[in-house]
Amino acid sequence: MINGLPAAVLPKQRKCSDPIVAKMKPRIGVLTSGGDCPGLNAVLRGVVLAAEKLGWEVVGFRDGFEGLLPPGNHVILDRERVKALIIVGGDGSMVTAQQLQEAGINCIGVPKSIDNDLEATATTFGFDSAVDVVMDALDRLHTTAISHKRVMVVEVMGRHAGWIALHGGIAGGADIILIPEIPFDYEKIASVIKARDAAGNLGSLVVAAEGARPRDGQQVKRDTKDGEFRLGGIGEIVAHEIAKRTGKETRCCVLGHLQRGGAPTTLDRILATRFGVKAVQLANEEHFGSMVSYQNYQVRQVPIAEAVNRLRLVPPNGEVVQTARDVEISFGD
Ligand code: F6P
């Protein structure tokens, strides 16, 4: 067994002697794994259309990796004409892709995550759409914050990496951004809000990544299942602490899964399509065990092994954080 897959689904490495099978069109498999993400359909479009151009058939596996298992489409992988499996997923899925590759199933990875936390690619598709949702929410919440002289705390996704909070917060004009990489201090947050009040800015916007935590505290975990924990709840706590320390009416708004659904942005549609097409090209060139990667405005390839087991976190002293500080955004530190 490899990662729950019975040996029966492993491809046979022998040459095809059956004349009927030999005449069949080459096939590739594609599956998506992990959370939904804007742009998935664009990847599939890229894969299917690029494969059709090569005269290949594409087998789509439902339900992620489970689709490989009986009674799913796993039989397909026994056929000699199956060339490769394209796996669209985040860090965990790339770990599985690497394991399958090592077990003899030819895999190509396509990086997908709204969190944008995969190593070895400058960006993942889905991220821009999630940031767009945060920006739109902040644009709307400015009205309530200013007209009611309130503090609005917006909790956004981002387990380990604060990219969504950082980019969404800068784009939407947040006053304070709280991210996992920069532990915060409630007193500092309160002093920033009081200073804004004193300067006549009576409404303030705070963006908190779900994985943000105070300097002397832990991440807020809702529950743990199968070793995986669910985050959420830091926004309410931050709102409560701000109200207690500043005396200001403070409300929390949790964006949650709104950030993962809906129509992808133009950037994500194009990026995802390019990723899908590149994945087929890599399969055609037999660059198995590689992952599609976006670097310097080009779609390239890297070994899957380079992208796994390490998350791409926000550098606390990096240029984007410094840019935010330069436009008077506080990180509560
Ligand atoms: O990894 C993407 C992500 O959106 C995280 O930011 C978040 O913690 C997680 O998925 C939520 O997953 P689920 O919908 O399974 O609770």
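**Exercise 1. Describe the surroundings of proline 315.**

Proline 315 is partly exposed, with a relative accessible area of 44%. The structure is a predicted model. Find where proline 315 is located in the chain and which residues are in contact with it, leaving aside its neighbours within four places in sequence.

*Solution.* 
Step 1. Begin with exposure: a residue is buried under 20% and exposed over 50%, and partly exposed in between. The 44% of proline 315 therefore puts it in the partly exposed class.
Step 2. Next comes the location: proline 315 belongs to the loop that runs between helix H9 (304-307) and helix H10 (319-326).
Step 3. With the neighbours within four places set aside, the contacts of proline 315 are Trp163 and Val321.
Step 4. For a distance, take alanine 279, which is 36 residues away from proline 315 along the chain; their C-alpha atoms are 29 Å apart.

**Exercise 2. Classify the aromatic pairs.**

How many aromatic pairs are there, and which kind is the pair of phenylalanine 125 and phenylalanine 275: stacked, tilted or edge-to-face?

*Solution.* 
Step 1. Ring centres must lie within 6.5 Å, and planes over 60 degrees apart count as edge-to-face. The count by this rule is 2 aromatic pairs.
Step 2. Phenylalanine 125 and phenylalanine 275 have 6.4 Å from centre to centre and 75° between their planes, an edge-to-face pair.
Step 3. Phenylalanine 125 sits in the loop between strand E4 (107-111) and helix H4 (127-147), while phenylalanine 275 is part of helix H8 (residues 266-284), so this pair ties together parts 150 residues apart in sequence.
Step 4. Both phenylalanine 125 and phenylalanine 275 are buried.
Step 5. In the pair of phenylalanine 184 and tyrosine 186, the ring centres are 5.2 Å apart and the planes are at 75°, so this pair is edge-to-face.
Step 6. Phenylalanine 184 has a relative accessible area of 1% and is buried; tyrosine 186, at 14%, also counts as buried.

**Exercise 3. Find the charges over a ring.**

Which residues place a charge over the ring of phenylalanine 229?

*Solution.* 
Step 1. Arginine 159 has its charged end over the ring of phenylalanine 229, at 4.7 Å from the ring centre.
Step 2. Lysine 221 lies over the face of phenylalanine 229 as well, and here the distance to the ring centre is 4.3 Å.

**Exercise 4. Examine two residues with positive phi.**

Alanine 120 and glutamate 286 have positive phi. Is each one buried or exposed?

*Solution.* 
Step 1. Alanine 120 is not a glycine, yet its phi is about 70°. This residue is found in the loop between E4 and H4.
Step 2. The relative accessible area of alanine 120 is 16%, so alanine 120 is buried.
Step 3. Glutamate 286, also a residue other than glycine, has phi near 60°. Its place is the loop between H8 and strand E11 (290-295).
Step 4. Glutamate 286 has a relative accessible area of 52%, so glutamate 286 is exposed.

**Exercise 5. Summarise the whole chain.**

What are the secondary structure counts, the overall dimensions and the share of buried residues?

*Solution.* 
Step 1. The chain has 10 helices and 12 strands.
Step 2. Along the principal axes, its C-alpha atoms fill a box of roughly 80 × 35 × 30 Å.
Step 3. Of the 333 residues, 51% are buried.
Step 4. The chain exposes about 15400 Å², of which carbon and sulfur atoms supply 50%.
Step 5. Of the contacts between residues at least 6 apart in sequence, 72% join residues at least 24 apart.

Notes. Residues numbered from 1 in each chain as written. Predicted model: local features only at pLDDT ≥ 70, side-chain atom pairs only at ≥ 80, totals over all residues. Heavy atoms only, no water. Phe/Tyr/Trp six-rings, centres within 6.5 Å; stacked < 30°, edge-to-face > 60°. Helix = DSSP H or I, 4+ residues; strand = E, 2+ residues; numbered from the N terminus. Buried < 20%, exposed > 50% of the residue type's maximum accessible area, 1.4 Å probe, protein only. Lys NZ or Arg CZ within 6 Å of the ring centre and 35° of its normal. Contact = heavy atoms within 4.5 Å. Areas by Shrake-Rupley, 256 points an atom, 1.4 Å probe, with all protein chains shown as cover.
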